[in-house]
Amino acid sequence: MPTFVVSLRLPDAYDEEFIALIPRHRDFINRLLNEKIVEVYAISSDRSRGWVTINGDDAAAVQALIEQFPLYRFLHSVEIDELFIFDSTASRFPHISLN
């Protein structure tokens, strides 16, 4: 299954409606992480941008999934790029210890 990286632009300021949706959004992301649909979820320290690595059939399927994010309507932009290579320490076998 192809892997995509999604770049998100978050709003400059968060209103009460946005803040109230954060727990629901995190629950949704956590479910996708548990199901191995989302590999990585990251938000910049200034909370202006985010990146999500998603396994999906194609860019249209990834877009449809992003549109289900509870915070989707607040996102200023969404860019989806299919990855040729996705390698990380998390996807490797753990080091064997002979202790």
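Is N55 buried or exposed at its relative accessibility? With a relative accessibility of 15%, N55 counts as buried, because the cut-off for a buried residue is under 20%. The structure is a predicted model.

**Sheet architecture**

- Four antiparallel strands make up an open sheet, and their order is β2-β3-β1-β4.
- From one strand to the next, the twist averages 15°.
- Helix α2 packs on the sheet and touches β1, β3 and β4, and the direction of α2 makes about 145° with that of β4.

**Strand pairing**

- Seven bridges connect β1 (residues 3–9) with β3 (residues 49–55) in the antiparallel sense.
- Within this pairing, T3 is set opposite N55 of β3, V5 is set opposite T53 of β3, and R9 has R49 of β3 as its bridge partner.
- On the side of β4, β1 is joined by six bridges, again with the strands running antiparallel.
- R9 also takes part here, with S77 as its bridge partner in β4.
- The antiparallel pairing of β2 with β3 comprises five bridges, and V40 faces T53 of β3.
- T53 of β3 therefore stands opposite two residues, V5 and V40, where pairing is counted by the bridges that DSSP finds.
- The hairpin of β2 and β3 has five residues between its strands, and R47 in this hairpin adopts a positive phi near 60°.

**Burial of the strands**

- Six of the seven residues of β1 are buried, and the strand is mostly covered.
- β3 is largely enclosed by the rest of the structure, because five of its seven residues are buried.

**Helix α1**

- Helix α1 comprises 19 residues (16–34) and spans 28 Å from its first C-alpha to its last, close to the 27 Å expected at 1.5 Å a residue.
- At I22, shortly before the proline P23, α1 has a kink of about 35°.
- At the start of the helix, the backbone nitrogen of E17 has a side-chain oxygen of D15 within 3.2 Å.
- Just after the helix, K36 has a positive phi of about 65°.
- The buried residues of α1 are F18, L21, H25, F28, I29 and L32.
- Residues three or four places apart in an α-helix point the same way, because there are 3.6 residues a turn.
- The cover over the buried residues of α1 includes β2 (38–43) and α2 (59–66).

**Surroundings of N55**

- N55 belongs to strand β3.
- Beyond residues up to four places away in sequence, N55 touches M1, P2, T3, K36, I37 and E39.
- Two of these neighbours also have polar atoms close to the side chain of N55: the backbone oxygen of K36 lies 3.0 Å from one of its polar atoms, and the side chain of E39 joins it in a polar contact of 2.7 Å.
- K36, whose backbone oxygen is involved, is also the residue with a positive phi just after α1.
- R73 is 18 residues from N55 in sequence, and their C-alpha atoms are 22 Å apart in space.

- S7 is a residue of strand β1.
- With neighbours within four places in sequence left aside, S7 is in contact with G50, W51, S77, V78 and E79.
- Among these, S77 is also the bridge partner of R9 in β4.

- H25 lies in helix α1.
- Apart from residues up to four places away in sequence, H25 touches Y41, F69, P70 and L71.

Definitions and conventions: Residues numbered from 1 in each chain as written. Predicted model: local features only at pLDDT ≥ 70, side-chain atom pairs only at ≥ 80, totals over all residues. Heavy atoms only, no water. Expected span 1.5 Å × (residues − 1). Bend = angle between axes of the 7 residues up to and from the residue. Buried < 20%, exposed > 50% of the residue type's maximum accessible area, 1.4 Å probe, protein only. Contact = heavy atoms within 4.5 Å. Polar contact = N/O pair within 3.5 Å; in protein donor to acceptor, adjacent residues only side chain to side chain. Axes fitted to C-alpha atoms, helices over the stretch in contact; angles between N-to-C directions.
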